[in-house]
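Please look at the sequence and the structure side by side. The paragraphs below go through a few places in turn.

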Amino acid sequence: AGVLKSLLESSKQQITILIDSIDSLRDVEDLDWLPVTLLDNVKLVLTVSSAGTGQDLANAESVVLQRLRERIGDDSCFLYLTPFTQEQWEDVLCFGGGDIYAANGALQLPECWKKSGEKISIQAKILWWLGWLGITNLSDTSVSHISERVFEILEEKFTAAIVRLIVSLLLASREGLLETEIITLIRNSNLVTGSTTKLWTHFCWKMGPLFLHNKNIIVVDRTLRQVAEKRYEADIKQAHRILYDYYELQPNAFLDKKGKERCFNYRKFVELPYHKYQLDAMATGSAFSNSPYLTDLAWLQDKLIATGCVHILNDICLVDGAASAGTHVALLKSFIESHFKALNYDGHQLYSLLRPVLVAERQRTGSPYSNSVIVQQWLEAIDSSTVPFLERLMLDEVAAESEKAAADKLPNAGFDLMMNLSIEGYFVISLSTEREEICVWDVAKCRKVRTLTGVPQPSAICPVGDYGVAVLCRREIRIIDLNEGRFKVTLKGVMNQKMPYFGLHDPSHLVCLSRNRMYVNLMNIESGDCVTTFKAGEDRFLNSLLVSGDGRILVCGDETQKPFPLLVWHLSQKKLLYDLRIPHHDFITSLSAITHEGSYVCVVAKELAEPSPNFIVVYDLQSGTLFKKWKPSCNTVSLAISQTNTCVIAGLEDARILIWDLVTGNCRSTLVGHSAPVTLLKIDPTGKILLSSDKEGRDLSIRLWQLDSGNLLAVYTPDERITTCEILSGGSYLALALENRHNLITLKLRSGKDGPAAEDDRSSVVYGNTEHDGKQFDLKQ
């Protein structure tokens, strides 16, 4: 009730929720989830069946209706639906078959049928059906009698054996059956000597008004189903066996002709566990809880991906709640309910989310699951799995307590920027502008190794050497020694307030966009002096700055010239190489990327006179020529380039990611899975692993991909929006900063194929001088 109420209270829109046939819910006695008071913008409509007719409804309350009265407590909320008026009844009766069957106008039905006392919709539908077949000599028009007559007529026309088979299969199925499934099952029965399809088409036409065709075929009304269940009770038991055998023989997933794209067999995942339960219930009640459908993690993960959480919970609810208390079934139910949003978004993260829960339960004193054999098997299966997943590393108890104490003192939690430190080990640097704080983190150990406070309004960083960093402090660039926690020098001059761009040329020099944006300064890091200036010409205002990883090539956008050009400098030779432009197009320089060696630069461009989507161009900077041009079907919103895999990666506003081959120019892979525009792309330092996300938080998840194959490695959905993140070498670790969180989250890419030896050597590296480990330095001047 608390969850539903909080969701409803957070909405500003008018909401109407309709829950039809609440008496068909499995746990009708437990209505605690139902909120008693609603906001003015929320309406909740429930329907429940009652046994009486007419004025007797009030005195024929079902148990569910009584329970609803007790829960809500306000009689004015209850409305008894009146039966059809005589005029309405006659209209419904004459057109009961629907538009298709009544195409030739209303049927002429006996007058006595129009005087029926029950006057309910299924009665009208069956009477119309009987009249449509020319059967009007009925002495009894009650629902129970004419329902029986339906099946008698069908058995006369199609033989009892065929009707028993078809109807029992429909009744035994969990969600109805597809037409292709029905035809296959009839054919497998060997009851039909001629064309199975022709027989089914004839049967379906005759039975049509009493079937509900909504992808799956079911019998149209509960009353009619109840009559059929009683009539074919023995056949339904056999139908469960037929359906179980039918689905068990099917594969869990289907592959396309190339063997690449996999489509899960939704029908098998939904139906098979249900029929297993029904068969076990005929034998012994406890077998289902220990079946693979509630114990095999591979099956559970595939089912989550194929169907979502609801169908897993439906399987769990087949097991008696009292009998499952304290067992793996209860733990699985609690886990899925707690992580419903993330698992429903993508079941690939089952192992990521389940492992910490299992470890915690094994360690918790008094946990009913600590000695569970199946829980132990789950833990072993996850640890030995060859399927990659992201494991969240937790702080030890002592560190967690100190972090919590420190967090209580922080007025503004969260981080604004994070960057990889390209040194031995797994280290990142983070900054918080409002707290005026810079931290160095040992990601493998999930802890801070340096904290520098009193840094005036830091907003951008650029690592310099092993332990240095250039920090934009308000409009000045300061060089800081992170290892010893001290200021080294302040570079001369001030930066442009709106475009304070800078990058690293070599360990001794930075390139910085000047205050007036008309030129670029090459600054000496040791002295803080300007060594030289790059200028493209008079009155040309630069709007971007991109430096290759080796510091050799500089690319800037020029917003003065029409169309906007790209200016390319060779920093070592200190000369302008190219003035690149495309007639009638502008470059969107905020969406650009350059290879580490500066061989290629890719940038997004748009046509000036056309509203068509933007497109991607790649320039060969060795010759200054247009190398490739790609036009996706929608706008590109993020861009990255990998020299290692010779590819350009584009994040699109329709949530796809395209990988373009730099050599052939073909689209190598299309990556799907995100539910919002992919506005963030990061490649790990080896150039082989891609991290993708949405900076706006519309899709909370991050995804890891293998660039060479385009395969999804892992996905993780945190509780809150990611403000900044970083991927470390080989994708072995991810560091995430969440909104309003005082600590980083460390995710480790786990797989049974990992070779831990080399990784352990690297993760044991200490940052800088050991005597400064974990220290906090105050740099306030």
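At 6% relative accessibility, cysteine 446 counts as buried (buried means under 20% relative accessible area, exposed over 50%, and partly exposed in between, with a 1.4 Å probe and protein chains only). Cysteine 446 sits in the loop between strand E10 (437-442) and strand E11 (447-453). Its phi is positive, about 60°, although the residue is not a glycine. Helices (H or I, at least four residues) and strands (E, at least two) are DSSP runs, numbered from the N terminus.

The model is predicted: local features need pLDDT of at least 70, side-chain atom pairs count only at pLDDT 80 or more, and totals for chains, interfaces and linings use all residues. Residues are numbered from 1 along each chain as its sequence is written, and side-chain values use heavy atoms, with hydrogens and water left out.

Asparagine 190 also has a positive phi, near 65°, and is a residue other than glycine. Its place is the loop between helix H8 (179-189) and H9. Asparagine 190 is exposed, with a relative accessible area of 65%.

The axes of helix H6 (residues 143-158) and helix H9 (residues 196-207) come within 12 Å and cross at roughly 155°. Such axes are lines fitted to C-alpha atoms, for helices over the stretch in contact, and angles run from 0 to 180 degrees between N-to-C directions. H6 and H9 are therefore roughly antiparallel to each other (angles under 35 degrees count as roughly parallel, over 145 as roughly antiparallel, 65 to 115 as roughly perpendicular and the rest as oblique). In H6, Val150, Phe151, Leu154, Lys157 and Phe158 meet Leu199, His202, Phe203, Lys206 and Met207 of H9, where contact means heavy atoms within 4.5 Å. These residues divide into 7 nonpolar, 1 polar and 2 charged (Ala, Val, Leu, Ile, Met, Phe, Trp, Tyr, Cys and Pro count as nonpolar, Asp, Glu, Lys and Arg as charged, and the others, Gly among them, as polar).

Next comes helix H2 (residues 63-72), in which Val64, Leu65, Arg67 and Leu68 are buried. They cover an arc of only 160° around the axis, which puts them on the same side of H2; the arc is that of the directions from the helix axis to the C-beta atoms. The face turned away from this buried side carries the exposed residues Val63 and Glu70. Strand E2 (42-46) is included in what covers the buried residues of H2. Just after H2, glycine 73 takes a positive phi of about 75°.
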